[in-house]
Amino acid sequence: MSRDDNFIKLQSPQVLVVEASAGSGKTYTLAKRYLQLIFSPEHMPDKMPLRSILAITFTNKAMIEMKERIITYLKKMALGLCVPGSEDDFISLLDLDGQKAAKTAELVMDNIIKHYSFFQIQTIDSFINTLLLGCSLNIDRS
């Protein structure tokens with residue numbers, strides 16, 4: 001997997017599995033895919049995109065790194081610090097001009113702050129535990 005891969009337009013609902021060796025850029029790729037989903041027309045910030053996107057990783061370290069990358073990318077976009085042609089130039093993937101991307105990034109950041117529990121990037125263990133807890137509550141076994 002190359003960091004220069006052209007990202008295809010994503011459609012919802014979708015399950016995307018990224019498999020690769022250590023240090024190959026999985027977290028980088030997933031963070032950019034997450035941003036693509038957030039900025040897609042059906043998930044714009046006013047429609048609560050955080051509720052409908054789930055990313056699952058294997059380790060706490062990868063989960064934290066992915067959340068940090070997403071927040072960092074959003075801050076750079078909101079502040080207009082994304083340099084065209086650089087590694088962080090993902091605005092071109094979003095079909096938005098810089099000003100609209102900055103405004104939308106601000107809205108997404110505000111949404112994350114107000115509804116952080118909907119910022120669903122979890123380890124597989126925490127996801128399975130959440131599923132089991134939900135199922136046990138539904139059958140009165142908590």
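Modeller: I will take helix α3, which has 17 residues and reaches 24 Å from its first C-alpha to its last, close to the 24 Å expected at 1.5 Å a residue. That expected span is 1.5 Å times one less than the number of residues in the helix. Helices (H or I, at least four residues) and strands (E, at least two) are DSSP runs, numbered from the N terminus. The model is predicted, so local features need pLDDT of at least 70 and side-chain atom pairs count only at pLDDT 80 or more, while totals for chains, interfaces and linings use all residues. Residues are numbered from 1 along each chain as its sequence is written, and side-chain values use heavy atoms, leaving out hydrogens and water.

The buried residues of α3 are A101, A102, T104, A105, V108, M109, N111 and I112. Buried means under 20% relative accessible area, exposed over 50%, and partly exposed in between (1.4 Å probe, protein chains only). An α-helix has 3.6 residues a turn, so residues three or four places apart point the same way. The buried residues of α3 pack against α1 and α2, a contact being heavy atoms within 4.5 Å.

L74 gives a view of this packing: leaving aside residues up to four places away in sequence, L74 touches A105, V108, M109 and I112, and also L35 and F39. In the largest nonpolar core, which has 24 residues, L74 is among those that touch the most other members, along with Y34, I70 and I121. Such a core is a set of buried Ala, Val, Leu, Ile, Met, Phe, Trp, Tyr and Cys residues joined through side-chain atoms within 4.5 Å. Two or more residues come to this core from each of α1 (26-39), α2 (60-78) and α3 (98-114). The most come from α1, with seven residues.

Buried residues make up 37% of its 142 residues. Of the contacts between residues at least 6 apart in sequence, 73% join residues at least 24 apart.
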